[in-house]
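Hello,

Here is the structure I promised to pass on. My notes follow below it.

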Amino acid sequence: MTDELFEQSIRRIQQGDKEGLKQIYEAYIAFIYSVIYAVLKNKEGAEDVTSEFFIKLWNVADQYQFGGKHKAYLATIAHNMAIDYIRKNHHEQATEDIQDVVDAGTAVSTLGMQATPVEDSVVGNLTMKEAIQTLKEPEQEVLNMKIFGDLTFAEIAKILQQPMGTITWRYRTAIEKLRKSYGKEVRR
């Protein structure tokens, strides 16, 4: 969806026309889900927050600054909603994550909160999805925003509130790990 079509859809939403929201939903449901899932790492939570995202977009459409980069705008809202979800459900989410790690037989870090992926254990013929799952969460998040969201490094840095150097380093690291584990060229 172009910036112009997005702005037309936002104007429709501002006028109470649900067709505008439908157009944005159809164009960006997968992108929004991937941004949220990259933060939450939980299918059910990502589905819930994605649904809430479009309700929020309907409610905040009047605040949209026309002439901006709409994908960065959408990604910022989605990322912030995912962070808010984690804050609200921190204890429950951490417990689920630890159980998932234990169930998978993966080592739990000394903090007891996060699995430590071992890139060297990636063997055989992995699918791209499996290869991406071997990346650290911040690397997955940057990769999703860059490749699937088609955002610039500057936009990602602003959304994640991280220095641009950190973002580019995470992206390059992720690409190199994918090349190593997947054994194929990955789009830059």
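Is Glu 26 buried or exposed? Glu 26 is exposed, at a relative accessible area of 53% (buried means under 20%, exposed over 50%, partly exposed in between, with a 1.4 Å probe and protein chains only).

Some ground rules. This is a predicted model, where local features need pLDDT of at least 70, side-chain atom pairs count only at pLDDT 80 or more, and totals for chains, interfaces and linings use all residues. Residues are numbered from 1 along each chain as its sequence is written, and side-chain values use heavy atoms, without hydrogens and water.

**Salt bridges**

The count is four salt bridges (a side-chain nitrogen of Lys or Arg within 4 Å of a carboxyl oxygen of Asp or Glu).

- Glu 26 pairs with Lys 22, with the closest N and O atoms 4.0 Å apart. The two are four residues apart in helix α2, so about one helical turn separates them (helices are DSSP runs of H or I, at least four residues, and strands of E, at least two, numbered from the N terminus). Lys 22 is partly exposed, at 42% relative accessibility.
- Lys 69 pairs with Glu 155, the closest N and O atoms being 3.8 Å apart. Lys 69 sits in the loop between α3 (43-60) and α4 (70-88), and Glu 155 in helix α8 (residues 153-160), so the bridge ties together parts 86 residues apart in sequence. Lys 69 is exposed at 55%; Glu 155 is buried at 12%.
- Glu 139 meets Lys 177 at 3.0 Å, N to O. This pair links helix α7 (residues 137-148) to helix α9 (residues 164-182). Both Glu 139 and Lys 177 are buried.

Best wishes
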